[in-house]
Amino acid sequence: MGLLFIFSGLIKINDPLGFSYKLEEYFEVFHITFLDGFALTIAIILCALEIILGFALLIGVRGVKVAWGLLLLIIFFAFLTFYSAYFQVVQTCGCFGDAIPLTPWQSFSKDLFLLMLILVLFFNRRKILPLFAVKRGDQLLIASAVVAVGLGLYTYNFLPVIDFLPYNAGANILDEMKTPPGAKPDEYELTYHLKNKKTGATKVMNNTDYLKSNIWKDNDWTVLGNPESRLVKRGFTPKIRDLSISDAQGNDYTKDLLTNPFNNLIIVAYDLRHADEDAVNSLNALALNLRQNFNIRTVLITSNSPQSAEAYAKQHHLIFELFYADDVPLKEMIRANPGVLLLKNGTIINKWHYHSMPNYDGLVKKYFQQ
């Protein structure tokens, strides 16, 4: 159980910003959006707590308090996953981040199983014996807290250590958007509500029975409203399915940008209002030097309105070409605002948080000098 909680915490703390986006979805569902500003802090605390409790359980330090902590934590997670599954609101819980995506019902089943195991620990909590003396155990517990929180701060400021997102270095974005020939699509079942105009009798039939019975040929029966659609079996889903890049006039530039045969820089700033201004200015100077010396194309993609983005570009004297996309794929592209992708033929050569962006000389030496 200790190892499982450490694993779960490490997977999420590898991408605390992604977990904070998931928390914001829950905040919206429960109408507590005033917590959005604290989502990242809460995300790091929850992930660190999983790691700390798991480690404490392994070494047996403060067993009674740890058992209580695990019980309360799993009840909290079970409530969230049940609510998501039953009311069909947040469709991926983020339990294991993007590394192991689970449906809400799968997540709830997992939490119920863990709850049963934790109850065994809880009822035997006084039998959890420490491996070390109290003082030494407390020192190790403090050390685990420092490491856990430090990991969260590091991955927030310098990107995930392991990138489980579809826009990872080496991936070809166009390939990740394709559906291979012969791939099975999603299967849906239609439910028809029918009423007999003569007798007033009603029937409910799925699309298979509706066609087999030939009731649709009988003019006495009429369909009430629109058929209800229900997903029966999930088919093939491309890893990237919602990326569309356009200019201010709405013209689609997705293919144009992703088939550029030369090295080009993509600056991703999903929200310019909250983008780091010093980083944007630094990237602007870098792009100017690259364009003058190597004719490198640099574009900025944002989810802000064209009017807002153009005003921002004018204010900061940006030389980037401006393009627009929905904020969801932009947040998936890179966990930074702004972040940078180096592309060639749609393949991500590398990507950087603005904190770890190489300087001009380093970038030229590694990528642009032939």
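The buried residues of α6 are Gly 137, Asp 138, Leu 141, Ser 144, Ala 148, Gly 152 and Thr 155, where buried means under 20% relative accessible area (1.4 Å probe, protein chains only). The model is predicted: local features need pLDDT of at least 70, side-chain atom pairs count only at pLDDT 80 or more, and totals for chains, interfaces and linings use all residues. Residues are numbered from 1 along each chain as its sequence is written, and side-chain values use heavy atoms, with hydrogens and water left out.

The cover over the buried residues of α6 includes α1 (2-13), α2 (16-29) and α3; contact means heavy atoms within 4.5 Å. Helices are DSSP runs of H or I with at least four residues, strands are E runs of at least two, and both are numbered from the N terminus. Helix α6 spans residues 134-158 and reaches 36 Å from its first C-alpha to its last, close to the 36 Å expected at 1.5 Å a residue. Just after α6, Leu 159 has a positive phi of about 75 degrees.

Helix α3 (residues 39-59) also packs with α4 (residues 63-87): their axes, lines fitted to C-alpha atoms over the stretch in contact, come within 10 Å and cross at roughly 140 degrees. Leu 46, Leu 49, Glu 50, Leu 53, Ala 56 and Leu 57 in α3 meet Val 66, Gly 69, Leu 70, Leu 73, Phe 76 and Phe 77 in α4.

The protein chain as a whole has 13 helices and nine strands. Buried residues make up 43% of its 370 residues, and its C-alpha trace spans about 80 × 65 × 40 Å along the principal axes.

Conventions:
Axes are lines fitted to C-alpha atoms, for helices over the stretch in contact, and angles run from 0 to 180 degrees between N-to-C directions. The expected span of a helix is 1.5 Å times one less than its number of residues. Buried means under 20% relative accessible area, exposed over 50%, partly exposed in between (1.4 Å probe, protein chains only).
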